[in-house]
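Colleague: I have a model open here and would like to go through a few of its features with you. Could we start with a single residue and then move on to the packing?

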Amino acid sequence: MAKVMGFDAALALNAALSTEKAAIAAADWVGRGDEKAADQAAVDALRSGLNTMTIRGRVVIGEGERDEAPMLYIGEEVGKGKGPEIDIALDPLEGTTLTAKAMANALAVMAFAPRGGLLYAPDVYMDKIAIGPGYKDGLVDLDKSPADNVKALADAKGVSPSDITVCVLDRARHGDLIASLRDIEARVALISDGDVQGVINTTNLDTGIDMYIGSGGAPEGVLAAAALRCVGGQMQGRLTFRSDDEVARARRVGIDNLEKKYDLSGLASGPTIFVATGVTQGSLLDGVRFQQGRVYTDSLIMNSVDGSVQRLKSDRPV
């Protein structure tokens with residue numbers, strides 16, 4: 001991967017310090033039943049962190065369009081206005097419901113790429129499929145049936161479909177998908193929220209997840225692709241639209257081919273940095289803990305420039 005000026009370990013660490021701030025702010029709202037307050041706290045803290053960074057940052061995946069979000073909106077400029085030009089995809093709190101209900105797997109997540117390196121995805125749904133690294137290109141494909149994709153992965157691993165575990169968002173729209181997976185006796189790991197983590201889990205043997213399939217947010221698809229770009233893996237996504245308004249939203253951000261199937265490089269091209277900090281306890285990261293006047297955080301830092309994956313466990317006075 002080619003070196004990009006200013007796109008280095010120091011930038012990745014500073015990005016993680018910003019998601020730490022967002023996670024700590026959101027953690028104050030764990031279990032309090034107020035999704036909006038938790039999200040706003042994370043947004044405020046993440047924006048504050050970004051504005052201390054020596055970057056010329058532009059939000060390409062954020063809290064919504066400018067008329068919908070007062071800060072971290074799509075197109076907002078962040079950072080000190082000097083340094084490398086960075087496109088930023090972020091979700092200050094992936095799992096607002098998880099946080100409000102004190103459930104597992106809420107995260108603060110963010111991805112960096114040089115200007116133009118991330119798909120400018122609208123806030124619509126995306127059909128997605130993802131697997132981890134180590135397989136021949138094109139092993140899975142959105143245009144194949146879920147059963148055929150599972151069988152292809154099983155053959156590549158030298159196991160039966162019943163040994164494959166597929167992560168799927170637990171939504172009514174996935175009823176037929178889940179039924180088709182169970183028809184071939186694949187294991188289905190249902191998650192209530194957090195499909196960024198669902199995709200990333202395909203890269204980690206400890207999670208037991210072999211594949212991710214389903215329809216979720218397009219912005220989350222770009223964030224997940226940025227993570228896979230750092231460690232390898234395969235992913236495809238295709239935008240889906242439920243209304244003329246959603247089609248118009250896509251066209252406003254420059255998407256003309258509404259039926260395009262994006263591969264990993266189409267979602268996140270070139271060098272990427274992906275960072276995430278746990279808000280609540282999860283399968284990927286520990287949640288924020290307040291103990292004896294200190295706050296403890298657990299973050300993941302992935303950098304495609306050197307292929308590194310690091311865990312950052314921090315504690316500091318509250």
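Colleague: Does Asn201 count as buried or exposed?

Modeller: Asn201 counts as buried, because its relative accessibility is 7%, where buried means under 20% relative accessible area and exposed over 50%, with a 1.4 Å probe and protein chains only. This is a predicted model, in which local features need pLDDT of at least 70, side-chain atom pairs count only at pLDDT 80 or more, and totals for chains, interfaces and linings use all residues. Residues are numbered from 1 along each chain as its sequence is written, and side-chain values use heavy atoms, with hydrogens and water left out.

Colleague: And what does Asn201 touch, leaving out residues up to four places away in sequence?

Modeller: Asn201 touches Thr207, Ile209, Ser283 and Leu284, contact being heavy atoms within 4.5 Å.

Colleague: Changing topic, what is the strand order in the six-stranded open sheet?

Modeller: The order is β7-β6-β8-β5-β9-β10, with mixed pairing; strands are DSSP runs of E of at least two residues, and helices runs of H or I of at least four, numbered from the N terminus, while two strands pair if DSSP finds at least two bridges between them. β7 (187-191) and β10 (261-263) stand at the edges with a single partner strand each, so one side of each has no neighbour in the sheet.

Colleague: How many bridges join β5 and β8?

Modeller: Strand β5 (residues 125-131) pairs with β8 over seven bridges in the antiparallel sense, and Tyr125 stands opposite Gly217 in β8.
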